[in-house]
Amino acid sequence: MSNIAIELRGLSKAYRTYHSNTSRIASWYGFSSEPKSEFWAVKDISLALAQGECIAFLGANGAGKSTLLKLITGTIYPTSGDIITHGSISAILELGIGFSPELTGRQNIYQAGGMAGHSHATLTRLMPEIEAFAEIQQYFDEPLRTYSSGMHARLAFALATAIRPDILIVDEVLSVGDSYFQHKSFDRIRRFRREGTSILLVTHSMPSILAICDRAVLLDQGRVMKDGPPDEIVDFYNAMMADRGNELATIEQVRTNGWMRTRSGTKQAVARSVQLLDANTRQPVATAAVGQDLLLDIEVDVNEDLPQLVLGLQFRDRTGHVVWGTNTWYTKQVVENSSQGETLNFRIRFKCMLGPGSYSITHALHNTETHLTGNFDWADNNVVFDVVNTTYPVFIGTSYVDANFEIHRSAAPHAGNQETAKIDTPGLAGSRLD
């Protein structure tokens with residue numbers, strides 16, 4: 001049996017308008033009929049999703065993400081190309097598909113579930129679990145028209161995932177509603193992934209992509225622009241969004257020592273040098289110790305007169321998750337009226353309280369609180385370093401927390417002594433072992 005869950009071969013979808021209905025009908029039967037206009041929502045996409053693999057689709061609005069998912073699920077038909085699937089598919093696309101606003105949640109489960117191929121007996125057996133997972137209480141037996149969009153999403157997700165499918169397709173519907181249910185939904189997606197379900201995901205939640213996806217595919221104007229590891233594609237996408245519409249901006253990606261470094265911006269101000277140093281000796285640091293005093297030294301060349309200049313920083317772990325970040329807009333240290341040819345030096349002192357592992361530093365130069373309005377120089381993974389723990393008690397995670405255990409012991413009742421003894425245990429969790 002093939003280990004491919006979904007294969008797309010030259011998949012394309014065009015939306016056409018015609019001069020008349022007669023011309024449109026003629027085109028259905030293969031007669032030559034020039035359309036009045038033509039828009040290719042998806043153009044010549046070829047890719048494969050392996051069994052048990054999780055892929056995220058990224059792209060700006062109109063890039064073709066939702067159209068592609070509808071093609072795969074059969075909601076719409078391709079203009080050309082082939083879609084080959086192996087296994088059962090469960091999809092959550094637009095709110096409302098398969099649901100009736102006049103039916104209750106329970107009745108909609110029977111109706112939409114039946115349309116998805118589940119028997120009435122199966123849905124009856126699954127109903128208690130669906131109701132419990134959706135957590136909409138009394139509204140489960142109220143008409144759907146009384147639901148909020150978040151409640152609607154809960155019901156749709158609970159039904160679509162009541163039975164683990166071979167292939168799960170989820171559009172941005174999960175961005176609707178409260179954070180509690182989003183976490184609950186992604187926990188179920190993670191479980192499905194561990195159990196072998198192949199997943200196609202469209203979401204604007206970059207942390208979710210980094211957490212659960214094996215690959216990311218960047219779409220632009222209906223075509224595949226990039227396909228690769230999630231962290232690399234997310235970095236490129238962020239740079240593309242920041243520089244969209246600015247003809248002066250450039251985007252570069254270079255792999256160095258296993259890390260993809262993405263750099264973008266207009267170059268109106270550029271970080272000439274970014275160094276991680278020991279704060280006391282001023283020597284470069286490639287491996288830092290937990291608790292070590294560090295200094296990040298950044299030299300910036302100003303290439304044009306700038307009314308405002310802001311420096312931003314992010315520390316990220318090996319998977320791309322941000323563990324800390326801020327900028328000089330929030331710290332109220334915006335550089336005003338910097339001049340062309342001027343050099344600025346930024347020094348950031350900090351104590352390394354990161355957990356053992358590999359980390360990177362991203363810097364950004366822009367003109368407001370965000371780089372999305374004026375990106376001069378954004379560089380992901382510009383500095384890469386390791387952290388080791390040599391002097392602190394063993395701990396796990398990306399951050400060290402200065403915490404101590406206190407243990408209180410009371411004498412056993414039969415001993416006749418009810419005195420309480422307090423045992424301090426420095427070094428067990430949070431105190432430094434000197």
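Which residues of the largest nonpolar core touch the most other members?

1. Core. They are Leu58, Ile109, Leu155 and Ile189, in a core of 45 residues. A nonpolar core here is a set of buried Ala, Val, Leu, Ile, Met, Phe, Trp, Tyr and Cys residues joined through side-chain atoms within 4.5 Å. Buried means under 20% relative accessible area, exposed over 50%, and partly exposed in between (1.4 Å probe, protein chains only). Helix H5 (residues 149-160) gives the most to this core, seven residues. In soluble globular proteins, nonpolar side chains tend to be buried together.

2. Basis. This is a predicted model, in which local features need pLDDT of at least 70 and side-chain atom pairs count only at pLDDT 80 or more, while totals for chains, interfaces and linings use all residues. Residues are numbered from 1 along each chain as its sequence is written, and side-chain values use heavy atoms, with hydrogens and water left out.

3. Confidence. The mean pLDDT of the chain (the predictor's confidence in each residue, from 0 to 100) is 86, and 88% of the residues score at least 70. Strand S14 (residues 293-302) has the highest mean, 97, and strand S22 (residues 420-425) the lowest, 53. Residues 425-434 have pLDDT below 50, yet this stretch has 25 contacts in the model beyond near neighbours in sequence. Where pLDDT is low, the predicted coordinates should not be read in detail.

4. Overall make-up. The chain has eight helices and 22 strands, taken as DSSP runs numbered from the N terminus (helices H or I, at least four residues; strands E, at least two). Of its 434 residues, 44% count as buried. Contact means heavy atoms within 4.5 Å; among contacts between residues at least 6 apart in sequence, 68% join residues at least 24 apart.

5. Lys65. This residue lies in helix H2 (residues 65-73) and counts as buried because its relative accessibility is 7%. Its side chain reaches the backbone oxygen of Gly59 at 2.9 Å. Not counting residues up to four places away in sequence, Lys65 touches Phe57, Leu58, Gly59, Ala60, Val202 and Leu219.

6. Cysteines. The whole structure has zero disulfides, a disulfide being a pair of cysteine sulfur atoms within 2.5 Å. The sulfurs of Cys213 and Cys54 are 3.5 Å apart, too far for a bond. Both residues are buried: Cys54 has a relative accessibility of 0%, and Cys213 has 9%.

Definitions and conventions. A polar contact is a pair of N or O atoms within 3.5 Å; within protein, one must be able to donate a hydrogen and the other to accept it, and residues adjacent in sequence count only if both atoms are side-chain atoms.
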